[in-house]
Amino acid sequence: MRMIEVEDLSVKYLDIEALSGVTFAAEAGDYIGIVGPNGSGKTTLIKALLGLVPFTGKVFFNGKAFSEFTHNRHVGYLPQKMSFYDPRFPAVAREIVASGAYCCKKFPKRLFASDHSRAMEAMEMLGIAELAGRPIGKLSGGEQQRVLLARSLVHSPEVLILDEPTAALDPSSRETFYKTVRDLNREKGVTVLLVSHDAATIGEYAGKLLYLDGKVIFYGSFGEFCGSETMTRHFGAGQHIICHRH
Amino acid sequence: MAMDILNQITEALSYAFIQRAVIAGCFMALGCSFLGIFLVLKRFSMIGDGLAHVSFATVALALLFHAQPMALSIPLVGLASLVILELNEKTRVYGDAAIGLVSSFGIALGVIIASTAGGFNVDLFSYLFGNILSVSDSEVWMTALISVTVALVVVLFYHDLFAITFDEEYARVSGIKVRMVNRILVLLTSFTVVLGIKIAGTMLVSSLIILPGISALQVVKSFRSTIALAGVFAVSSVILGIFISYVLDLPSGAVIVMVNFVFFTAAFLYRRVKG
């Protein structure tokens with residue numbers, strides 16, 4: 001079943017074309033790594049898919065046109081965080097995770113016992129239940145990222161969009177995080193779109209790679225990526241370094 | 001000594017103007033402190049200062065045209081708050097710079113009107129420092145109305161405000177109408193500031209917005225407790241400030257701010273000692 005279908009998507013910032021003619025499709029349960037150099041349009045693509053930036057072209061989620069799709073109910077999002085949260089922010093991890101349920105509430109929003117239970121379940125699933133009562137700003141980078149991941153899972157999304165989730169993590173936390181996302185994809189069948197600038201690492205976990213550089217340069221499996229002549233021309237010896245790690 | 005002070009407080013409470021000051025001050029303190037938490041955490045707390053400066057100009061304008069200062073200030077300062085937000089969101093002007101821009105324009109305009117018109121400088125300068133002891137019955141009602149509105153908005157939009165304060169982009173993805181909620185927040189701030197200048201004056205009103213919030217942030221770790229404690233600090237500072245100023249014959253607005261400063265220092269030291 002097609003979960004996401006993107007046809008000829010383009011995004012312009014003022015007069016600069018950040019993305020042009022992006023076309024790809026994701027099946028339900030796919031794990032797609034969106035890779036590319038800095039400024040290649042990775043974050044722009046997912047912001048367009050989330051409705052955060054205007055775009056031209058067509059996007060379908062689960063067969064529904066973009067304008068008819070209620071993103072907030074079906075998509076979990078983990079935004080890019082280059083720095084950690086302010087240690088003085090007055091909220092504990094449990095409050096932050098429970099805020100993931102806001103997406104499915106109408107005005108005036110109210111959280112019920114069931115929402116708090118789901119928040120605790122998400123924390124338990126990610127092995128961070130013991131952090132529930134701790135202030136968000138006092139957690140380590142890896143712990144904060146897992147709290148935010150738990151927040152994006154509270155409403156049981158069908159699609160999970162993660163923007164450079166490991167950018168501020170140390171190598172050990174990075175690996176744990178990637179494994180957690182892979183397990184979510186395999187065990188819960190969540191469709192994952194994960195933005196990363198590290199093609200080698202994400203290639204280890206994702207089923208498909210979408211390589212961007214203002215447009216789609218490559219879309220396929222990691223094996224195909226390593227055998228692609230286009231990518232050989234693009235990377236030169238760099239391709240060998242990326243693929244050799246596996 | 002203690003009996004003497006108690007007698008003076010009892011005597012003070014028998015005056016209608018003190019009763020009005022306490023009631024209006026408490027309502028104002030609650031409104032300011034509730035808004036202050038969100039503004040402080042959004043790094044937008046100086047908007048109170050900026051809007052107070054704009055209200056200096058609008059009061060000067062009202063005095064020039066012999067109009068009611070509040071009647072003219074409420075819509076104009078409200079408009080200024082929306083201009084600050086638009087500058088921040090839609091142009092390349094950062095939030096603090098947008099506040100500075102509108103604030104300096106307000107002060108400059110006020111000074112030009114005051115110097116060219118002449119004759120009402122004394123009235124205008126009374127708004128610089130405020131006088132809570134001169135609030136009228138209608139001002140008490142207006143203050144109560146705006147503070148109840150603020151409290152209602154905070155209750156009804158609590159989760160929206162929490163989400164926007166923590167992570168605006170995620171709030172937008174969650175379907176929260178960020179633009180609308182931000183506008184409600186700054187408009188309520190503008191109305192509160194206009195009414196607050198009567199109490200603390202344009203020079204000090206922003207401290208009623210900032211200080212209770214940052215004091216509470218030193219002590220508690222959950223969001224709801226922070227809002228509640230900020231309210232307690234704010235109301236206590238008004239009550240203590242009015243009585244201390246009455247006993248020591250000092251300006252009430254300034255004493256209220258000083259009490260808030262003492263609360264902040266105590267909370268700060270408590271946090272340092274507790275770790």
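In the predicted model, R2(A) touches A25(A), E27(A) and G63(A), with residues up to four places away in sequence left out of account, a contact being scored where two C-beta atoms, placed from the backbone, lie within 7 Å. R2(A) has its place in strand β1 (residues 2–13) of chain A; strands (E, at least two residues) and helices (H or I, at least four) are DSSP runs numbered from the N terminus. With 13 other C-beta atoms within 10 Å, R2(A) is partly exposed, on a scale in which 20 or more such neighbours make a residue buried, 12 or fewer make it exposed, and counts in between make it partly exposed. The C-alpha atoms of R2(A) and A122(A), which stand 120 residues apart along the chain, are separated by 26 Å.

The model is a prediction in which local features need pLDDT of at least 70 and side-chain atom pairs count only at pLDDT 80 or more, whereas totals for chains, interfaces and linings use all residues. Residues are numbered from 1 along each chain as its sequence is written, while chains are lettered from A and ligands numbered from 1 in the order in which they are written.

Chain A contains 10 helices and 10 strands. Its radius of gyration, taken over C-alpha atoms, is 18 Å, close to the 18 Å that the globule rule (2.2 Å times the number of residues to the power 0.38) gives for 246 residues, so chain A is as compact as a globular protein of that length. Along the principal axes, the C-alpha atoms of chain A fill a box of roughly 55 × 40 × 35 Å. Of the 246 residues of this chain, 44% count as buried, and among its contacts between residues at least 6 apart in sequence, 68% join residues at least 24 apart.

Two backbone features were noted in loops of chain A. A cis peptide bond, with omega about -10°, joins F107(A) and P108(A), and P108(A) lies in the loop between α3 (93–98) and α4 (113–125). N62(A), in the loop between β4 (56–61) and β5 (64–65), has a phi near 50°, a positive value in a residue other than glycine; with 15 C-beta neighbours inside 10 Å, N62(A) counts as partly exposed. In chain B, D249(B) likewise is not a glycine and has a positive phi, of about 55°. D249(B) lies in the loop between α12 (223–248) and α13 (252–274) and is exposed, with 6 other C-beta atoms within 10 Å.

The contact between the chains takes 20 residues from chain A and 21 residues from chain B. On the side of chain A that touches chain B, α2 (71–74) and α3 each supply at least two residues. The residues of that side divide into 14 nonpolar, three polar and three charged, where Ala, Val, Leu, Ile, Met, Phe, Trp, Tyr, Cys and Pro count as nonpolar, Asp, Glu, Lys and Arg as charged, and the others, Gly among them, as polar.

Contacts of V147(A), not counting residues up to four places away in sequence, include A93(A), I96(A), V97(A) and I128(A). By contrast, helix α1(B) is hardly covered, the count of buried residues among its 12 residues being zero.
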